Amino acid sequence: MRYLILSDLHGNLEALTAVLESAVGEYDRTLCLGDLVGYGADPNAVTDWVRSNAAVVVRGNHDRACAGLEDLEWFNPVARVAAEWTYTQLTPENRSYIAELPKGPIAVDGFQVMHGSLLDEDEYMVQPADAGQAFPYLETSLAFFGHTHLQGGFEWAHSRVRVIGRPAPGQKETFLELDPENAYLINPGSVGQPRDGDPRTAYIFYDPSDKFLLYRRVPYDITTAQQKIHNAELPDILAHRLALGR
Ligand code: ZN
């Protein structure tokens, strides 16, 4: 069973389309680590696709916000404007689908999936120390998380945390060998709003029968995604940052 693992789609249909075109025929099931919506201009089209195609989906903080489950006071002003706009755009069916998404972590086929961290779905695991606190709570030697929009993750080996890199700019993909002695917290990166300095959309393939996983980056039609954000009168910064990957 080969999994396509996606996170932080954020209503970016152009990025999702590029992912699917580049991955066609290479996977059996899709997993989604949350933040289907918020920021991007196509919340319904992205949600429709996830509803019909993802085998397992956990919710993200933007999903809660855009479904009306969250007090938006603590959101930054740009995220709040986008969440309010998304709430009004979502069809009733999509809004209730998002509102009912389960909280991670969820066990799948010998590994776990979550949005933020194991104990707190809203926690950002950015630094090795963040991952170091999470590793003892892993129920399996492998888990996938999102939320930071940074492709890569962490390896736990001999009581130390090692940072895992991502494909270099211009490089399409990298393999990560999985040592059965070690544990892994893996971030597929963000489909719809990468923030690791590489504007290309990001995802992962993983097959539990293999001893490795595959990180991939793919260019997409950023200009169209930006134009839709402008047309929706969402904050300019949401369009601008797509080109920067930040
Ligand atoms: Zn996100």
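Aspartate 8 is buried, and histidine 149 is buried too. Buried here means under 20% relative accessible area, with exposed over 50% and partly exposed in between, using a 1.4 Å probe on protein chains only.

A word on the basis. This is a predicted model, where local features need pLDDT of at least 70, side-chain atom pairs count only at pLDDT 80 or more, and totals for chains, interfaces and linings use all residues. Residues are numbered from 1 along each chain as its sequence is written, and side-chain values use heavy atoms, leaving out hydrogens and water.

Now the metal. Which residues coordinate the zinc ion? Asp8 (OD), His10 (NE2), Asp35 (OD) and His149 (NE2), at 2.1 to 2.3 Å. Donors are N, O and S atoms within 2.8 Å of the metal (3.2 Å for Na, K and Ca); water is not among the atoms, so sites may look incomplete. The spacing in sequence is D-x1-H-x24-D-x113-H. Aspartate 8 sits in the loop between E1 and H1, histidine 149 in the loop between strand E6 (142–144) and E7, so the pair ties together parts 141 residues apart in sequence. Helices (H or I, at least four residues) and strands (E, at least two) are DSSP runs, numbered from the N terminus.

On to strand E7, residues 152–157. Five of its six residues are buried. E7 runs antiparallel to strand E10 (residues 183–187), joined by five bridges. Pairing needs at least two DSSP bridges between the strands. Glycine 152 has asparagine 187 as its bridge partner in E10. With strand E8 (residues 160–164), E7 also pairs antiparallel, over five bridges. There, tryptophan 156 partners valine 161.
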